[in-house]
Amino acid sequence: MGMYDEFGNYVGPELDDDSDGGSGEDRDEDDTWMDQAERDADARGAEGDRAMGDDENSDDNDYEKSAIVLAEDKKYYPSAEEVYGAGTETLVMDEDAQPLEEPIIAPLRHKKVEVRDANVPQMSNVSETYLLDMLRNPNLTRNVAVCGHLHHGKTSLMDMLVQQTHAIGGLAGKNTNETQTRYCDNRLDEQARCVSIKATPVSLALPASNGKHLPFNLMDTPGHVNFGDEVTCSLRLADSVLLVVDACEGVMCVTERVIALAARERLPIVVFVNKIDRLILELKLPPADAFYKIKHVLEEVNVLIGSHYGDDQNTPWADPVKGTVCFGSATYGWSFTLTQFAAIYAKARGAEMDTKKFAARLWGDSYFHPETRTFSKKPSKGGGARSFVQFILEPLYKVYSQAVGEHPASVAAALGEFGVSLKPSEYRMNVKPLLRLALSKIFGDATGLVDMLKAHCPNSAEAARAKVQHTYGGPLSLGGDSVSVAGMTNCDPNAQLRVAVAKLYPKDDCTAFDALARVMSGTLKLGQTVKVLGEGFSPDDEEDVAVKTVTNLWVYNTRYRIPVQSATPGMWVLVEGVDESISKTATLVDEFSGGEETLWGFKPLRFDTTSVIKIATEPLNPADLPKMVEALRCVNKSYPACVTKVEESGEHTICGTGELFLDAVMKDLRELYSSVEVKVADPVVTFTETVVETSSLKCFAETPNGKNKLTMIAEPLDKGLARDMESGSVSLSWPKKKLGDFFQNKYDWDILAARSVWAFGPDLHGANLLLDDTLPGEVDKALLNAVKSSIVQGFQWGTREGPLCDEPIRDVKFKILDALVSETPALRGGGQMIPTARRCAYSAFLTASPRLMEPIYAVEIQTPADCMSAVYNVLSKRRGHVVADAPRPGTPVYVVKALLPAIESFGFETDLRYHTQGQAFGMSYFDHWAVVPGDPLDRSIVLRPLEPSPAQHLAREFMVKTRRRKGMSEDVSVNKFFDQHLLMELARAETEFGLAL
């Protein structure tokens, strides 16, 4: 039987059936033959298809070649969909609106805010884990702010400490290099200017003389007076102050301000007398004169400490015998206390002695008698040097003089007195590296400085009570917020979370900030959700609060960061993710805090200076206004004392403490926080308004509905009271009896007036007073108290924007003499009383001889004697006058102290350097307010353009120009502030008594 029928179909058995159909080899041959036949058939079909397709394509190509294509239909470039794929959004523009200077695809711009180490440097003395473990112990950690005047060596001192604790190639190599590292100046503009602009923290483990390491949180602060706000922020975090003083320059203006600020914050002070080498190499003083110079510097410091701290047992006097003074030269990397030097001397001589007793005889009028080997307060008959000169200064002078003389044998002999030797190749080094190496071998690490900080600076646990009492905004009594206060006082990591945020640092992209904070109680953890209480938060007004999540935590070490998972009380940490709602400072608490007890935040910072210099900014391209506004918001966060606001005229203004401050602000505004061109107007100053007499008549104002009437007068405030109010020496939160006693005893007020103070204005620490001077028999006190809050709001509104030129009012006392208040509550609401109280205050103000006040700068100038006349000439041309001038003892420099109106200070330092050939250097800072000469309301004064006005016309000129700049009319409108009935009274008074309005 065949396998196929007549049509060629297979009719044989199933292929997988082995029962019938031949062997397996035959079946494989048949399958192979069939597969080959199928492949041949497929190949012939594919060739046929290609042939037919080629014929069709050739016809299409011939048609395309012969077709006519219009120019607008030609396709020159592929479409966006062809290039980028389906779903691409395409924008078709008929006209190219993009400017030529703007690239089609803008290049990526990497903003470099800080200098950072590419790799985290290794600590040479302890491990990173060990440091973090010590920082978590509040009984070991000490928080110290390093403060001092400009160029007195704070950053150099930090360089010395970082170099001794870190194996950093850049720093280690500085032992043979004469340039300064400035490790804590991590901003590029700080490196370029050689001036610290921002306060930067460093956490270090420093060795003490007993060989143990102690953890320190150190804050390197700016020394320029314009950046005093950074010092205030640093003291909020610190528990003590290390005051760095130049042995050559002595006490300067910033030194005095730091001592006053530390006394206000109730922080102990220890002193580091720096740059002893300048007495040897620059001034070339004999050792005995150098002792007198150092002693004079410490006496100046003690005079200031006594005046600000008072004279009691807790006063932190600068006394080398007590161990509160350290001597050294940060540039050459050495420091010592008397106790440390006594130990060095005993080790070098191989003598066993009581180093503490020996150290006590190394200062003051103490003389060594070699014949009896004793110390006495009088020199021997043949004369002799004091022990400080004999045992400390003379050996130091010998080392310096021999190293400068470059005699290796002499240097070796001088070092041999301290038991120190160098390699022969090291004696051939340059002078500065040789001195740094030799002195570092003599004195070693800064163990004396560490011992001083350990003995006289409290740790976090010891200082917690004083810190809470001074900075916490809530009640401190046991009946108030006792649970949270007890947790902060005891530094309890298991208590409720309380974290004080003191400062913000920009991130690398400058679009967000990291918050530098100190944990007061509880434990702040990574990923924790917290409440952010802003400066405006209070139990009565809980609007300024936000809920945020902590996305990162670091220990901030200037040029590198150590990530941590949690932070315990006493630690300084950098917090990421909470900055959005923070303006200056804030308080972090648990998300669900405040259930059983009232939430309170920490007090806002109070700066020792005032931002009185103002500039107006606007973008070159008006379309960039939103970008500039956002940049202004960032600048306001970055600089604690910076104030940004929008005037009624629409201009955006920035207020700062001085020219250098505003220069740094504008550099950040243009380069870091925005990439737009910004135009800046000429700088001006902030004025204030005041009165010099009592109101000429009782001024009254009626509410719009005619149902209420207020009567007030205005008079000058008692001299010195405004300063007490602004500094917090007196507060409305005091009990009435305490407040009344303050005014009675200090300013001789009668008891009725002393206990009738209603409010300060324009804020809680304002320089204006509102008194209720009404009598119960004439006024319904119950109705008057019912509208008290509305009258206070109107008074504060009025003192915030005065009638002369919308500037704040100060030094004015407003008295309410009479009040008619409607008995119907609906007729005496805030809408009726608030503007009426404001208008009444304005009318009383304008009838009390109003005057303008301008800010006055105190100027401190260092100049050689031959430039004194040039300094006087520059000051006299700017309405300035010299208060004092005296030579700096032991130096060829004179120090001139002067007062200069702030409006005349623009370009003053440049002018001063120009007229003295760069030999004079001045620093200016806000000192007080002074009345501008002349009457601002005198319309008989004619202001001539491009001509300087005489002194008696200045008030009128300043007022008119300020009103023009703000878009206001040139003169004060009487009808705006006076009621019609009051105007009639004034007209009658003018007719009868000759009073002029």
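The questions and answers below take up ring pairs, charges over rings, a sheet, a hairpin and a helix pair.

Guide: This is a predicted model, in which local features need pLDDT of at least 70, side-chain atom pairs count only at pLDDT 80 or more, and totals for chains, interfaces and linings use all residues. Residues are numbered from 1 along each chain as its sequence is written, and side-chain values use heavy atoms, with hydrogens and water left out.

Visitor: How are the rings of F358 and F391 arranged as a pair?
Guide: Rings of Phe, Tyr and Trp (its six-membered ring) pair if their centres lie within 6.5 Å; planes under 30 degrees apart are stacked, over 60 edge-to-face, and the rest tilted. By this rule there are 33 aromatic pairs. For F358 and F391 the centres are 5.6 Å apart and the planes stand at 90 degrees, so the pair is edge-to-face.

Visitor: Which helices hold F358 and F391, and are the two residues buried or exposed?
Guide: Helices are DSSP runs (H or I, at least four residues), and strands likewise (E, at least two), numbered from the N terminus. F358 and F391 are 33 residues apart, so to speak of their helices is to name helix 12 (residues 355-360) for F358 and helix 13 (residues 387-405) for F391. With buried meaning under 20% relative accessible area, exposed over 50% and partly exposed in between (1.4 Å probe, protein chains only), both F358 and F391 are buried.

Visitor: Over which ring does the charged end of K198 sit?
Guide: The criterion is NZ of Lys or CZ of Arg within 6 Å of the ring centre and within 35 degrees of the ring normal. The charged end of K198 is 3.4 Å from the centre of the ring it sits over, that of Y639.

Visitor: Which strands stand at the edges of the open sheet of eight strands?
Guide: Two strands pair if DSSP finds at least two bridges between them. The order is 16-15-21-12-13-20-17-18, with antiparallel pairing. Each edge strand has a single partner strand, so one side is left without a neighbour in the sheet; the edges are strand 16 (545-549) and strand 18 (560-563).

Visitor: Which residue takes a positive phi in the hairpin of strand 23 and strand 24?
Guide: Strand 23 (residues 643-646) and strand 24 (residues 652-656) pair in the antiparallel sense over four bridges. Five residues lie between the strands, and the one with a positive phi near 100 degrees is G650.
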